[in-house]
Amino acid sequence: MKQAILAVSFGTTYHESRMKTIEAIEADIKEAFPDFEHRRAFTSGIIINILKKRDGIYIDNVSEALEKLSGEGFERIIVQPTLVMGGEENDLMLAAVREYEGQFKQVVCGRPLLSEEGDYQRLADILNEDTKEYDSGETKIIWMGHGTEHEANEVYERLNRVFEEKGYNRHHVGTVEAEPAFDQVKEEVKKTDFCRAVLQPLMIVCGDHAHNDMAGEDEDSWKCQLEAEGYEVVCRLKGMGELEGVRRLLVDHARDAIQRLEDIA
């Protein structure tokens with residue numbers, strides 16, 4: 001029986017970040033499950049179109065990828081998102097899968113990065129370890145999440161709570177487009193004595209938000225706002241997909257999905 005794993009990402013127009021994050025995740029999944037064909041899809045139509053027009057790179061959306069798999073006679077499909085949360089992009093992915101699931105014998109969707117309590121516990125440890133070189137009482141680690149109006153936005157507050165419960169008090173999570181807003185994070189960290197802030201994206205890739213909203217030179221960037229208030233700022237332009245622990249977590253989600261596939265076989 002022909003079987004495939006479709007890795008679904010939001011996507012990015014930054015080639016270097018894509019290689020270090022999305023392609024690294026896909027490579028780890030491929031290495032872990034060599035008995036499957038491996039395919040890629042992006043959920044962002046804007047990114048797909050930019051890559052096509054600018055670079056001549058053609059990447060399928062989820063529906064296109066599933067249509068191709070069906071046409072090639074694949075019967076067992078794992079759809080594994082590399083998304084941070086079960087938000088709008090994940091909903092779009094699931095809707096596409098529902099539309100095509102009748103064309104396969106078996107289809108199972110894996111979970112996004114942050115789905116269950118254990119995911120938050122593991123991610124907090126991974127992020128704390130990754131920033132260990134800044135382990136100083138005078139340094140705060142501020143993570144930039146995207147933020148969404150979707151109810152899944154609660155993942156940011158939940159991760160903040162896990163950081164606090166684990167005693168990782170250097171860590172704070174804010175978002176570009178929702179809550180907690182950066183102003184809230186600034187007010188929170190100002191309650192403590194610190195002179196240096198490390199900014200890093202809480203996103204799989206390091207794209208426009210990280211380069212511009214976080215580390216940009218405009219006065220409203222997170223970096224410039226903190227520097228204007230006298231703090232030393234270190235910007236780490238590093239997507240979470242670069243972290244081995246994050247990739248392993250997504251591989252484990254794919255493994256769980258494969259087990260569910262076996263259970264219904």
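N169 is partly exposed, with a relative accessible area of 49%, on a scale where buried means under 20%, exposed means over 50% and partly exposed is what lies in between (1.4 Å probe, protein chains only). The structure is a predicted model, in which local features need pLDDT of at least 70 and side-chain atom pairs count only at pLDDT 80 or more, while totals for chains, interfaces and linings use all residues. Residues are numbered from 1 along each chain as its sequence is written, and side-chain values use heavy atoms, with hydrogens and water left out.

N169 belongs to the loop between α7 and β6; here helices (H or I, at least four residues) and strands (E, at least two) are DSSP runs, numbered from the N terminus. From N169 to I141 the C-alpha distance is 9.0 Å, although 28 residues separate the two in sequence. A second example is M93, which sits in helix α5 and is buried, at a relative accessible area of 0%. M93 and N61 are 32 residues apart along the chain, and their C-alpha atoms are separated by 9.0 Å.

The open spaces of the model come next. Rolling a probe the size of a water molecule over the atoms shows where empty space is left. A pocket is an open set of points, on a 1 Å grid over the protein atoms alone, where a 1.4 Å probe fits and protein lies on both sides within 12 Å along at least five of seven lines; lining residues have an atom within 4 Å of a point. Grid points are joined across faces, edges and corners, and a volume is the space filled by probe spheres set on the points.

The largest pocket has a volume of about 850 Å³. Its lining is made of 33 residues, and F10, E89, H146, M203 and H209 lie nearest the centre. Helices α3 (45-55), α5 (88-100) and α9 (208-214) each supply at least two residues of this lining. By residue type, the lining of the largest pocket holds 15 nonpolar, 13 polar and 5 charged residues, where Ala, Val, Leu, Ile, Met, Phe, Trp, Tyr, Cys and Pro count as nonpolar, Asp, Glu, Lys and Arg as charged, and the others, Gly among them, as polar.

The second largest pocket holds about 340 Å³ of space. It is lined by 16 residues, with N160, E164, H171, H172 and E188 the closest to its centre. At least two lining residues come from each of α7 (154-165), β6 (171-175) and α8 (182-189), and α7 gives the most, with 5 residues. This lining divides into 5 nonpolar, 6 polar and 5 charged residues.

Between β6 and α8 runs a loop that contains P180. Most residues other than glycine have a negative phi, and most peptide bonds are trans. The bond from E179 to P180, however, is cis, with omega near -5°.

Aromatic rings also meet in this model. Rings of Phe, Tyr and Trp (its six-membered ring) pair if their centres lie within 6.5 Å, and planes under 30 degrees apart count as stacked, over 60 as edge-to-face and the rest as tilted. The count comes to 2 aromatic pairs. F182 and W222 form a stacked pair, 4.3 Å centre to centre and with 10° between the planes. F182 lies in helix α8 and W222 in helix α10 (residues 222-228), so this pair ties together parts that are 40 residues apart in sequence. Both F182 and W222 are buried. The ring centres of F194 and Y231 are 4.3 Å apart and their planes lie at 10°, so this pair is stacked. Because F194 lies in the loop between α8 and β7 (196-201) and Y231 in the loop between α10 and β8 (232-235), the pair ties together parts 37 residues apart in sequence. F194 and Y231 are both buried.

Another ring, that of F74, has K2 over its face, at 4.4 Å from the ring centre; a charge sits over a ring if NZ of Lys or CZ of Arg is within 6 Å of the ring centre and within 35 degrees of the ring normal. F74 is placed in the loop between α4 (62-71) and β3 (76-81) and counts as buried at 6% relative accessibility.
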